[in-house]
Amino acid sequence: MRVAIHQPQYLPWLGYLAKWAAADLFIVLDVVQYEKNGWQNRNRIKTHDGARWLTVPVHARLHTPIAEIAIDGSRAWAVRHLRAIEQAYARAAWLAAYRRDLTELYARPWTHLAPLATASALWLARAVGITTPVRLASELHVTSDDPTGRLVALCRAVGADTYLAGADGARYMDLAQFASAGIEVLAQRYAHPVYPQIHGEFVPFLSALDLLLTAGDQALSILKRGDTWSPLR
């Protein structure tokens with residue numbers, strides 16, 4: 001069984017969803033620390049004026065587990081994000097098809113970042129047609145202070161024989177631990193596909209929401225186009 005493990009990301013990009021689609025099981029790593037200026041609470045959409053950040057405001061301190069990160073409810077971020085999406089993609093062919101889902105997503109009373117990021121990614125994955133099941137790392141009750149040890153333990157907990165790693169996996173993982181556990185490691189090599197966008201010249205590395213709202217039922221085949229895997233040893 002091929003397993004992918006990734007931190008929760010808010011409205012993630014194409015490569016994130018491609019990894020999800022390539023797996024037999026996707027584990028949301030909701031037991032890590034919050035990363036300031038990362039992708040856990042923000043992503044980009046394309047507007048008439050270029051790429052624009054959508055950032056969820058949070059109350060965060062250094063070295064705080066992401067599960068404990070509270071959203072700053074004093075700021076009307078959800079209203080602003082939904083309005084920005086509707087304005088940016090008013091001429092997109094598939095906005096009407098997903099407007100109700102987006103409205104419902106932003107209408108929910110979110111209090112913490114991890115559930116919001118996970119829900120936004122899950123909705124986006126399902127909307128593009130990814131059916132790979134999902135588990136939360138926190139539900140698997142794996143304890144390890146070593147990052148590689150935690151990944152190996154999560155793979156073992158679900159019976160995985162193959163771990164799908166990011167392109168930079170070799171830089172931070174101890175591959176010997178995977179080898180000892182009999183788990184093969186494959187690294188993603190993602191070449192960002194070019195697809196028709198609104199608002200001028202093509203801009204890569206946006207939220208996959210851009211692809212969904214412009215390509216609709218072709219989104220999954222497009223995002224898979226740039227996805228290849230090779231063994232890490």
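Colleague: At what angle do helix α2 and helix α3 pack, and how far apart are their axes?

Modeller: In this predicted model, α2 (residues 77-88) and α3 (residues 95-107) pack at about 175°, and their axes are 10 Å apart.

Colleague: Why are α2 and α3 called roughly antiparallel?

Modeller: Angles over 145 degrees count as roughly antiparallel. The angle here is about 175°, and α2 and α3 are therefore roughly antiparallel to each other.

Colleague: Which residues of α2 and α3 meet?

Modeller: From α2 there are Trp77, Ala78, His81, Leu82, Ile85 and Glu86; from α3 there are Leu95, Arg99, Leu102, Thr103 and Tyr106. The residues of this contact divide into seven nonpolar, two polar and two charged.

Colleague: In what order do the strands of the open sheet run?

Modeller: The order is β7-β2-β1-β8-β9-β10, six strands with mixed pairing.

Colleague: What makes β7 and β10 the edges?

Modeller: β7 (134-136) and β10 (227-231) each have a single partner strand, so one side of each is left without a neighbour in the sheet. On average, neighbouring strands of this sheet are turned by 30° against each other, direction ignored.

Colleague: How do you know that β2 and β7 pair?

Modeller: Pairing requires at least two bridges between the strands. Strand β2 (residues 25-28) and β7 have three bridges, in the parallel sense, so they count as paired. The bridge partner of Ile27 in β7 is Arg135.

Colleague: Which strands does helix α5 touch?

Modeller: Helix α5 (residues 147-158) packs on the sheet and touches β1 (2-6), β2, β7 and β8 (162-165). The direction of α5 makes about 135° with that of β1.

Methods: Residues numbered from 1 in each chain as written. Predicted model: local features only at pLDDT ≥ 70, side-chain atom pairs only at ≥ 80, totals over all residues. Heavy atoms only, no water. Axes fitted to C-alpha atoms, helices over the stretch in contact; angles between N-to-C directions. Helix = DSSP H or I, 4+ residues; strand = E, 2+ residues; numbered from the N terminus. Parallel < 35°, antiparallel > 145°, perpendicular 65-115°, else oblique. Contact = heavy atoms within 4.5 Å. Nonpolar A, V, L, I, M, F, W, Y, C, P; charged D, E, K, R; others polar.
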